[in-house]
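Subject: Structure handover

Hi,

Here is the structure for you to look over. My notes on what turned up follow below it.

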Amino acid sequence: PLADLHIASDRWSNPGGAPFDAPSDTVYPAFIPNTRLFLAHVPLGECASFLDLCAGTGIAALMAARQGAREAWAGDIAKRCTRFAEFNGRLNGVGNFHPVTSDLYGNLSSFDRIVAHPPYVPALQPKWIFFSGGEDGEEITRRIIQGLPTHLNDRGVFLALTMGSDRSDAPFESRIREWLGEGGRDFDIALIVRKILEPLEFAARSREESGAWKKLFARLGVESLVYGIVAIQRRTGARRTFTVRRQASPGSRRAPWEWLLAWESAATEDLTQLMLERPLHRGCDAEFQVRHRIEGSGWTPRQYTLQTQWPFSMECDAHPWMANLIALCDGHATGRDLLRVLVENQVLPRGIAEDEFARAAAALVSGGFIEVEGFRPPRAGG
């Protein structure tokens, strides 16, 4: 049982703990913790067309078909996965669910939503289809993202739980944009990091292959392996697109990626009006820290820091006026009201431009320290 479905898959071990050698086309169980993490982020609700790539049991597409998608497809390169997915569709009586055997997009058309939990583990010697992501772990993820300009509809959303790498020439999120090619001008990208693994730590997992891994990572310029959620949306004709990176909040299973995309999208359109005309709220978890040093005969403040754990884990250097602003955000006063108060109290200088204040305050919104009416993130949860 999973959600309101019953899902069949290959077993993960032998009864009684006897040695178990899984075949290369093993159908990955849907109840494994990282699959549950992926499913917690899958965008459900109404849409015309939904595609789950590297679908395995078909669980994501089945959930989508049950919860608002008019038609949902589950594609996997392994025929064994297609058979299991077909069985699961019939078992649960889901008629608008279509399992297909396909090397990623194959002959498939375009979709409103595309999700993937691809093979992402770097593998020198591929063993299991569900596991091996090529020597750098990015082969399947890269091909999926390269296909988005052709297969993701306008205003469509893509989401994946995967792993990639920060490299000496560019961080993972910038390399994702490069994969989109010329069509990338229509796409927004958000990377929500859940875990960072050092290359040497990964290499040490296998004593026999450790040397080969070190050489490979050095040749590719890999500085860290990044595990997390990649969320991409298409906005054809948008004035500006964005690429952002956030650290997932510790202890929270689901990161609010929908809020992040919605806020950053709005901020690219009319930032000054958003920040000045709408009421502002304090972030639910904001902290302000001041570090002092003894100078002469007393303590002198030398460093100001803002930090929060929700909606994302964030820490940044700050100015004292920012703490004053956050304290004033009572959910009733607009940004223009608060700017006037800060100027009257000589916290900010007279003559400060409204758009300059709006940009600075918007950075606090993106960090989770301030919330804008109409764009408030969900409350912290598991």
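This is a predicted model: local features need pLDDT of at least 70, side-chain atom pairs count only at pLDDT 80 or more; totals for chains, interfaces and linings use all residues.

What joins S9 to S14? Strand S9 (residues 279-282) runs antiparallel to S14, and 3 bridges connect them. Within that pairing, His281 stands opposite Glu371 of S14.

Next, the aromatics. Searching the whole structure gives 10 aromatic pairs. One of them is Phe202 with Trp213. Their ring centres are 5.1 Å apart and the planes stand at 85°. The cut-off for edge-to-face is over 60 degrees, so this pair is edge-to-face. Phe202 belongs to helix H7 (residues 199-203) and Trp213 to helix H8 (residues 210-220), so the contact ties together parts 11 residues apart in sequence.

Are these two buried or exposed? Buried means under 20% relative accessible area. Phe202 has 6% relative accessibility, so it counts as buried. Trp213 has a relative accessible area of 3%, so it is buried too.

Phe202 also pairs with Phe217. That pair is edge-to-face as well, with 5.9 Å centre to centre and 70° between the planes. It links helix H7, through Phe202, to helix H8, through Phe217, across 15 residues. Both Phe202 and Phe217 are buried. Taken together, ring pairs link Phe202, Trp213 and Phe217 into a cluster.

Last, the cores. The largest nonpolar core has 84 residues. Which members touch the most others? They are Phe50, Trp263, Met275, Leu325 and Phe357. Leaving out residues up to four places away in sequence, Phe50 touches a list of residues that includes Val42, Pro43, Ala60, Trp73, Phe111 and Val115. Glu71 and Arg113 are also among its contacts. There is a second, separate core of 27 residues, and Ile145, Leu191, Val226 and Val230 are among its members.

Best wishes

Note on methods:
Residues are numbered from 1 along each chain as its sequence is written. Side-chain values use heavy atoms; hydrogens and water are left out. A nonpolar core is a set of buried Ala, Val, Leu, Ile, Met, Phe, Trp, Tyr and Cys residues joined through side-chain atoms within 4.5 Å. Buried means under 20% relative accessible area, exposed over 50%, partly exposed in between (1.4 Å probe, protein chains only). Contact means heavy atoms within 4.5 Å. Two strands pair if DSSP finds at least two bridges between them. Helices (H or I, at least four residues) and strands (E, at least two) are DSSP runs, numbered from the N terminus. Rings of Phe, Tyr and Trp (its six-membered ring) pair if their centres lie within 6.5 Å; planes under 30 degrees apart count as stacked, over 60 as edge-to-face and the rest as tilted.
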